[in-house]
Amino acid sequence: PPQTVFAAVSRVLQPGGRLYTATDVEDLATWMREHLTAHPLFRVLSDEELEADPAAGLLTEATEEGKKVARNSGQTWRCVVERLPDEVLWQ
């Protein structure tokens, strides 16, 4: 189940660390965003934060898959989340 996967990611990602996702499949992008948003230890970055993060730009430009999608005039959906401190669970 997705809760298990994202719980495992939250255990290995340090607070302040970021998980980057990108896909050209809109349904998958929606699914990932919904589940990552629902997890209490992840915060989705705003559009402004994405623009300021050089790594986020690479999601659609630096991979062969990203280049193929761009060549075919496709769309890529990104979702970047930041790991929150454990203390948010006790608030």
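**Entry 1: the ground rules.** I noted that this is a predicted model, in which local features need pLDDT of at least 70 and side-chain atom pairs count only at pLDDT 80 or more, while totals for chains, interfaces and linings use all residues. Residues are numbered from 1 along each chain as its sequence is written, and side-chain values use heavy atoms, with hydrogens and water left out.

**Entry 2: the chain as a whole.** I found 5 helices and 3 strands in the protein chain, and along the sequence they follow the pattern α-β-α-β-α-α-α-β; helices (H or I, at least four residues) and strands (E, at least two) are DSSP runs, numbered from the N terminus. The C-alpha trace spans about 45 × 30 × 20 Å along its principal axes. Of the 91 residues in the protein chain, 29% are buried. I also looked at contacts, which means heavy atoms within 4.5 Å: among those with a separation of 6 or more, 79% are between residues 24 or more positions apart.

**Entry 3: helix α1.** Which residues of helix α1 (residues 2-12) are buried? I wrote down Pro2, Phe6 and Ser10. Seen down the axis of α1, these buried residues fall within an arc of 70°, so they line one face of the helix; the arc is that of the directions from the helix axis to the C-beta atoms. On the other side of α1, Arg11 and Val12 are exposed. The buried residues of α1 pack against α2 (26-38), β2 (42-44) and β3 (77-83).

**Entry 4: the nonpolar cores.** I then turned to the largest nonpolar core, which has 6 residues, namely Phe6, Leu13, Leu36, Phe42, Cys79 and Val81. A nonpolar core is a set of buried Ala, Val, Leu, Ile, Met, Phe, Trp, Tyr and Cys residues joined through side-chain atoms within 4.5 Å. Apart from this core lies another, of 5 residues, among them Leu45, Leu50, Leu59 and Val80. In soluble globular proteins, nonpolar side chains tend to be buried together.

Entry 5: Cys79 has its place in strand β3 and counts as buried, at 3% relative accessibility. Leaving out residues up to four places away in sequence, I listed what Cys79 touches: Leu19, Tyr20, Thr21, Arg33, Leu36 and Val44. For Val81, with neighbours within four places in sequence left aside, the contacts include Gly17, Arg18, Leu36, Phe42 and Leu45.

**Entry 6: a loop residue.** Where does Ser73 sit? I located Ser73 in the loop between α5 (64-71) and β3, and at 67% relative accessibility Ser73 counts as exposed. Its phi is near 55°, a positive value in a residue other than glycine.

**Entry 7: back to Ala55.** Ala55 is found in helix α4 (residues 54-61). I checked its distance to Val80, which is 25 residues apart from Ala55 along the chain, and the two C-alpha atoms are separated by 10.0 Å.

Key: Buried means under 20% relative accessible area, exposed over 50%, partly exposed in between (1.4 Å probe, protein chains only).
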